[in-house]
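Hi everyone, thanks for coming. Let me put the structure up on the screen, and then we'll walk through two parts of it together.

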Amino acid sequence: MEKDEIRRHDSFQSFDEICSIAEEKQVDFLLLGGDLFHENKPSRSTLVKAIEILRRHCLNDQPVQFQVVSDQTVNFQNAFGHVNYEDPHFNVGLPVFSIHGNHDDPAGVDNLSAVDILSACNLVNYFGKMVLGGSGVGQITLYPILIRKGSTAVALYGLGNIRDERLNRMFQTPHAVQWMRPEPQEGCEVSDWFNILVLHQNRVKMNAKNAINERFLPRFLDFIVWGHEHECLIDPQEVPGMGFHITQPGSSVATSLIDGESKPKHVLLLEIKGNQYRPNKIPLKSVRPFEYTEVVLKDEPDIDPNDQNSILEHLDKVSGLIEKSNRKAVNGSEQKLPLVRVKVDYSGFMTINPQRFGQKYVGKVANPQDILIFSKSSKRSQKEAKIDDSERLRPEELNQQNIEALVAENNLKMEILPVNDLDVALHNFVNKDDKMAFYNCLHYNLEETRKKIGKDSDVSKFEEEDLILKERVKERSSHPTDTPQFTSSMQSFENIRSKNVTGIGSAASFSDDEDTAQILSSANRGRKGSSSASRPSRDASELGKSSTRGRGRGRGRGSTGLKQTTLDATLGFRRSQSRSTSVKVQSIADDEENVDSASSEEHEINEVESSSENENNEISKGRGRKRAAPRGRGRGTTSKRGKKSDNSSVHSVFMNKLDDDDDDDAEEIARRFNKPQP
């Protein structure tokens, strides 16, 4: 609450008191259970104040009485790799050991936490930072910090916060969580070590998958410091059948105004000798007093549900809570404004404005704006829930779901990006300001998917070869077997096209646009395939002649009619080419058997040039063999040389004779290619 003018210093005062108690009691070290910071990226002001408190209490001339005998490079994963009091440049009198929690956990590309800043300043020994190795659920190995002082040996295990669902699965997966035990040494057996575990996870939850069961933990542990839970249950509790005790210190300040946080805050002073320990709880005096109560309106007599004043009279119990808090604070050193929370079950009643209610308590309580919180009993029956529509739409009653719950309801079946990983990425992006959260999620899942695909490489290779084979079969079925002949003939057809283009340009004096459009259309038709290359070349010459004849009759229409003609010609030629391909292939193949490619080129060139006049005569006789060029023309037709005919009538005649002329085309081409060489 650093932006709250009244409560902004509360957490620093509590932390300063904790460090003062440690100095006063001359403890060997201070052990923190995570969430030293409430924000993942704390402000500069918060960092500076935290460093000032640690520097004030931790750097002094007090001698450190214990020794770390384990491999410190494994225990402390930083650039220095040793406990802070062994650094010759620092005089550390109070070592602080801390894990990270779910609020200040590592994030970003370099996987750094705010606690890493304090560790780099040599003020905190940061341990319990896990790198989740392996595939799938992951794998972690816990190495203890081995501490010896005289005849007492302590093995300190640390497990920083991991997402509860994942850690739950890891504990139930064989060999996913490995615990390293101290090696036996002279005068110190494995059983002589006092084993302490510090962790920061959900402990009590309705959903068993979203918490860690105490029975997941190994039995060789002696004492467990359980972080994350804010309720102060400082007295160690034994877990039946497991042989270890659990203490839950709770938070040092009230972060959320609930019943669990209203209990007095304590720290635990733990004294260890051999395998025995003695707990001593010490209350914190600098904590702001917090009073909590609940009111059920339907249980209160003489309340009119529609009278707001009568509801206000029964809710006005804040004055009594303030007096109760003041009586408790008489023995304290400093009297602070108390926190007050009244939880109201308003089933069947109307609500009131909490801000307006708290205005008369400004200066008397620390949280006047949110004294009241309204809720409804979840166990009410349908008969009791007869509320009008206006009451049903009140904002206080709306179900505030998070995005994870909404996604879970839709039951998205995502194969590459799991919904759980996207939940974590969204949480890191929003709450931890991690700009790379979604990128890292995508990159990790893509790598995992590639690994899975790589395992099935043999199967995918077989499928790929099968796909290539099908492609080849498809190509062979779509193209004739005489493919080599087309390549030799293609060169000659390119020459034919070039000659015909030249002939068109010299025979007629078209305008530039018309000439270009016709030449391009004939050239494009010639590129459709080597099997039909000779036909577009003849068509181009005919197109030029027909255009010459129609020049004076449709000039005013511009290039629009010509483009339409070119498009219709292309469509008409494609139809005729597809039907006569087999005949032309056979005739070309016969020519290749008799003559070489050079003579074939000359023969085809001469033949096409000499046949242009014959084709012109055939068109004027009305055989309709070249029906595609005149289709759709508004500039004259080629059925009779000097006669002007209607466009639609010519179009219908040519379309009706489409099927009859295909056979004539095939016979003409076969006869022409089988002629003896001149």
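Let's begin with a pair of strands: β15 runs parallel to β16, residues 339-345, and seven bridges join them. Strands here are DSSP E runs of at least two residues, numbered from the N terminus, while helices are H or I runs of at least four; two strands pair if DSSP finds at least two bridges between them. One of those bridges links Glu291 to Val340 in β16.

A quick word on the source: this is a predicted model, where local features need pLDDT of at least 70 and side-chain atom pairs count only at pLDDT 80 or more, while totals for chains, interfaces and linings use all residues. Residues are numbered from 1 along each chain as its sequence is written, and side-chain values use heavy atoms, leaving out hydrogens and water.

Now, in what order do the three strands of the open sheet come? The order is β15-β16-β17, with parallel pairing. At the edges sit β15 (290-296) and β17 (372-375), each pairing on one side only.

On to His103, which an unreviewed UniProt entry annotates as "active site"; such annotations may be inferred rather than shown by experiment, and positions follow the numbering used here, with feature names shortened. You'll find His103 in the loop between β3 (96-98) and α4 (114-120). His103 is partly exposed at 26% relative accessible area, since buried means under 20% and exposed over 50%, with a 1.4 Å probe and protein chains only.

A polar atom of the His103 side chain lies 2.9 Å from the backbone oxygen of His38.

Definitions and conventions. A polar contact is a pair of N or O atoms within 3.5 Å; within protein, one must be able to donate a hydrogen and the other to accept it, and residues adjacent in sequence count only if both atoms are side-chain atoms.
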